2 protein chains.
Amino acid sequence: MQKLRVASFSISIDGYGAGPNQSLENPLGERGHELHQWFFPTKIFQQNVLGKSGGTTGVDNEFAENGFKNIGAWILGRNMFSPYRGIPNADWKGWWGENPPYHVPVFILTNHKRGPIEMEGGTTFHFVTDGINSALEKAFDSANGKDVRLGGGVNTIRQYLNARLIDELHLVLSPVILGRGENLFMNLDLASLGYKCIKNVSSDKAMHLIIEKSTNT
Amino acid sequence: MQKLRVASFSISIDGYGAGPNQSLENPLGERGHELHQWFFPTKIFQQNVLGKSGGTTGVDNEFAENGFKNIGAWILGRNMFSPYRGIPNADWKGWWGENPPYHVPVFILTNHKRGPIEMEGGTTFHFVTDGINSALEKAFDSANGKDVRLGGGVNTIRQYLNARLIDELHLVLSPVILGRGENLFMNLDLASLGYKCIKNVSSDKAMHLIIEKSTNT
């Protein structure tokens, strides 16, 4: 069975998955980078994202690596793809340069039609304007039987949780307080939606939590 | 300097410090006991609360023990003291029997005047009807220079946080999702209030977080 998975999604103690005021300069929102201090030193971030050598192994790297295993397609909210609101900037091809770290089809939720953009390294950006169910169907279809990873942001994850479409949610609780930003839990009763934490493993930098949807709710 | 401290206050992944529908049968609210699975096996809970021998040592026990060190008085919200709402039940003397685990003066916030109740073992319950500042002043005065511990519940802690009166907050994040109940963080911008996480230590059962108020905000 193909799954829809969220992986390595960092939140603050007070439940924020991004800081306020996302912009070109602050793609993660103000102070948003503080949520990811567990991720930046890992081998997989250093090598796959920055193209450097070295990086840490251990709990944080293992969980981060798992998030890339058996992934055949991605789904992103439009704010994960671009800092522009409203009419898209036709020159914008994402934050990641010519060879984005996906290497599979990426489906971007948006209200604005745009043709696909083929990038280097196997990544193609597809723009989906007919909703989250359609994006998921397209992603499953193009994933060659593998899982689909939902990258975020908070609002998009909340929509998929509310629809009970996420099968596995790997949250990483970072020991910071943001106070403001995009809150993952506000007015979202995950217990009633059938979600349950089935595993927790901590490093000195964060607590990894695996949350699954029960099949019989 | 005397401090107002919150210690061993457990919250769920989604920020709930108690479950919904607190009652005589469910003093922690529905599923509230799941927040405290890190605490029940510890030596200090087994010995000081249950009067048994044994119990675990280690990270969880160390943090729980620290919460009882140098405490000269407690403050409790009325729901921590009693399941009764409105006019108090004059026969009710708390959840803890004749010898409560405080052994110092305990100041209970309430809207209903009531004379002090002297219990065995050094605990005296005082009922404060003129607000959180008054309760804190009385508690500091009677603490013999030691710190004051604020026991909860969520609503009371939120009031003291909003007033920037809490100096140190030890939260324990338990790997459970409650979905409903009393949320510690809802509409509370702890960062703007000057609170910052300065330490985190995890066990296999929970993540301990020490949050302090900055002195220069």
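The following questions and answers concern the two chains and the side on which they touch.

Student: What mean pLDDT does chain A have?

Tutor: This is a predicted model, and pLDDT is the predictor's confidence in each residue. In chain A, 99% of the residues reach 70 or more. The mean pLDDT of chain A is 94.

Student: By what turn can chain A be laid on chain B?

Tutor: Two copies of a chain are related by a rotation about an axis and a shift along it. Here the shift along the axis is 0.0 Å and the RMSD is 0.0 Å. This is the relation of a two-fold axis, and the turn is 180°.

Student: Which residue of chain A comes closest to the rotation axis?

Tutor: The distance is taken at the C-alpha, and its value is 3.1 Å. The residue of chain A that comes closest to the axis is Ser202(A).

Student: How many residues of chain B are in contact with chain A?

Tutor: Two residues count as in contact if their C-beta atoms, placed from the backbone, lie within 7 Å. By this criterion, 24 residues of chain A take part, and their partners in chain B number 24.

Student: Which strand supplies the largest share of the side of chain A that touches chain B?

Tutor: Strand 8 (168-173), strand 10 (195-202) and strand 11 (207-213) of chain A each supply at least two residues of that side. The largest share is 5 residues, and it comes from strand 10.

Student: Why do the copies meet through the same surface?

Tutor: The interface residues of chain A are compared with those of chain B. The copies meet through the same surface because the share of interface residues of chain A that are also interface residues in chain B is 100%.

Notes. Residues are numbered from 1 along each chain as its sequence is written. Chains are lettered from A and ligands numbered from 1 in the order in which they are written. This is a predicted model: local features need pLDDT of at least 70, side-chain atom pairs count only at pLDDT 80 or more; totals for chains, interfaces and linings use all residues. Copies are superposed by least squares on the C-alpha atoms of residues with pLDDT of at least 70 in both. Helices (H or I, at least four residues) and strands (E, at least two) are DSSP runs, numbered from the N terminus. pLDDT is the predictor's confidence in each residue, from 0 to 100.
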